[in-house]
Every structure is written in structure tokens, then in C-alpha cells.
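Please find below a colleague's note on the model, arranged as numbered points.

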Amino acid sequence: MFLDNRQVAMDSVLEALADSIDYFQDNIERLRPSLRDALKPHYTARLKQMRKLQELARAHLKMLPRDADVERDDFLWLWSRLKSFVGNDSQVLINELLEQERVLMQALSSLYTHPLPDPIEPVVEECMQGCRKLIRELYALQKRKTHR
């Protein structure tokens, strides 16, 4: 089954959401408890948004769910661990989480260039706002950690 441009854009958003959630969950034990507590509500909300968006994409864009890219996930986890050996583990994780947010923002921006069914638009907007909140939180945590 070939996807049209709108479906491809939605697929990119869903993939970016899943990747960011997976990365956080895979690395949650590496985070200090204070960082974990600050970030967990963002990812809990994101998981709900992703599930809602998947459901809406199935209903309105005729998209089927797809599997995560496990090899990519493994590579990102390994790369992050290697970088942690030469830097502050928390700072490395914050930078990696920020990169995940940049990818998600790009995917969301691309999706906005296509007409979206009315039920999907508010969920995409909620994802965008959540992404902005998380970026602000990550920068605030990064700033606190570098000034200590």
C-alpha cells in the first residue's frame, strides 16, 4: 500500500512521537530522580496523545499501525551510552531528548502543510504545544545543571 503525502507526513509524526517515548523509556533509569520526576508527566501525556493520533489516523486517513524501527532504537541507545563516557550522563540525555523534540517539531510542521480532518487538527495542536512545553523544560533543566 502506497501512502499519499499527507499520510507520509502523519506517519513521520507518529514515528517521531514513538521514537521520543521509546528513547525516554529506554533511558529512564539513567536519569537522576529529579530529572525523571520533571520529565515523566510530559511523556505520559505524549503517550496518550500518540495513541489518540494513531486512532484518528486509522479512522480518518486509513492508516495502519506499523512497527517501531528496533535497529535504529538500539543504535541511538548505544550512541548515547558512548557519549556518556566522555560527558555528563544527564547532559548527554538532555541533549538527546532535545534532538528528539527537534525531529518531532519538524515532522509536525510538515504535517501542518497538508489539509487535516477536523478531528485530527486539535490533537496535532496539542502535540505541538506539548513539544514546546517539553523543550522549555529541557532547556531549563539543562541550564540548572550547567550552573551547578
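**Note on the predicted model**

1. Of the 148 residues of the chain, 42% count as buried, where buried means under 20% relative accessible area, exposed means over 50%, and partly exposed lies in between (1.4 Å probe, protein chains only). The model is a predicted one, in which local features need pLDDT of at least 70 and side-chain atom pairs count only at pLDDT 80 or more, whereas totals for chains, interfaces and linings use all residues. Residues are numbered from 1 along each chain as its sequence is written, and side-chain values use heavy atoms, with hydrogens and water left out.

2. The chain contains five helices and zero strands, and its pattern along the sequence is α-α-α-α-α. Helices (H or I, at least four residues) and strands (E, at least two) are DSSP runs, numbered from the N terminus. Among contacts in the chain with a separation of 6 or more, 80% are made by residues 24 or more positions apart; contact means heavy atoms within 4.5 Å.

3. Helix α1 (residues 5-27) packs against α4 at an angle of about 165°, the axes lying 8 Å apart. Helix α1 is therefore roughly antiparallel to α4. Axes are lines fitted to C-alpha atoms, for helices over the stretch in contact, and angles run from 0 to 180 degrees between N-to-C directions. Angles under 35 degrees count as roughly parallel, over 145 as roughly antiparallel, 65 to 115 as roughly perpendicular, and the rest as oblique. The crossing of α1 and α4 is left-handed, a term used if the near helix is turned anticlockwise from the far one by less than a right angle, with right-handed used if clockwise.

4. Which residues bring α1 and α4 into contact? On the α1 side they include M10, V13, L17 and F24, and on the α4 side they include L93, L97, E101 and L104. By class, this contact of α1 with α4 has 14 nonpolar, five polar and four charged residues. Ala, Val, Leu, Ile, Met, Phe, Trp, Tyr, Cys and Pro count as nonpolar, Asp, Glu, Lys and Arg as charged, and the others, Gly among them, as polar.

5. Helix α4 (residues 89-111) also pairs with helix α2 (residues 33-60): their axes come within 13 Å and cross at roughly 20°. Helix α2 is therefore roughly parallel to α4. The crossing of α2 and α4 is left-handed. In this pairing, L35, L39, Y43 and R46 of α2 meet S90, I94, L97, E101 and L104 of α4. The contact of α2 with α4 has, by class, six nonpolar, one polar and two charged residues.

6. The structure holds three salt bridges, each defined as a side-chain nitrogen of Lys or Arg within 4 Å of a carboxyl oxygen of Asp or Glu. One of them joins E101 to R46, with the closest N and O atoms 2.6 Å apart. This pair links distant parts of the chain, E101 being in helix α4 and R46 in helix α2, 55 residues apart. Are these two residues buried or exposed? Both E101 and R46 are buried.

7. Another salt bridge pairs E55 with K52, the closest N and O atoms being 3.8 Å apart. Both residues lie in helix α2, three residues apart, about one turn of the helix. E55 counts as partly exposed because its relative accessibility is 44%, and K52 counts as partly exposed because its value is 37%.

8. R102 and E99 also form a salt bridge through their side chains (3.3 Å, N to O). They are three residues apart in helix α4, so about one helical turn separates them. R102 is partly exposed at 37% relative accessibility, and E99 is partly exposed at 39%.

9. I120 is located in the loop between α4 and α5 (121-146). I120 counts as buried because its relative accessibility is 0%. Leaving aside neighbours within four places in sequence, I120 is in contact with M10, L53, L56, A57, H60 and L61. From I120 to L61 there are 59 residues in sequence and 9.6 Å in space, C-alpha to C-alpha.

10. A38 lies in helix α2 and is partly exposed, with a relative accessible area of 21%. Not counting residues up to four places away in sequence, A38 touches E137 and L141. A38 and L141 are 103 residues apart in sequence, and their C-alpha atoms are 8.8 Å apart.
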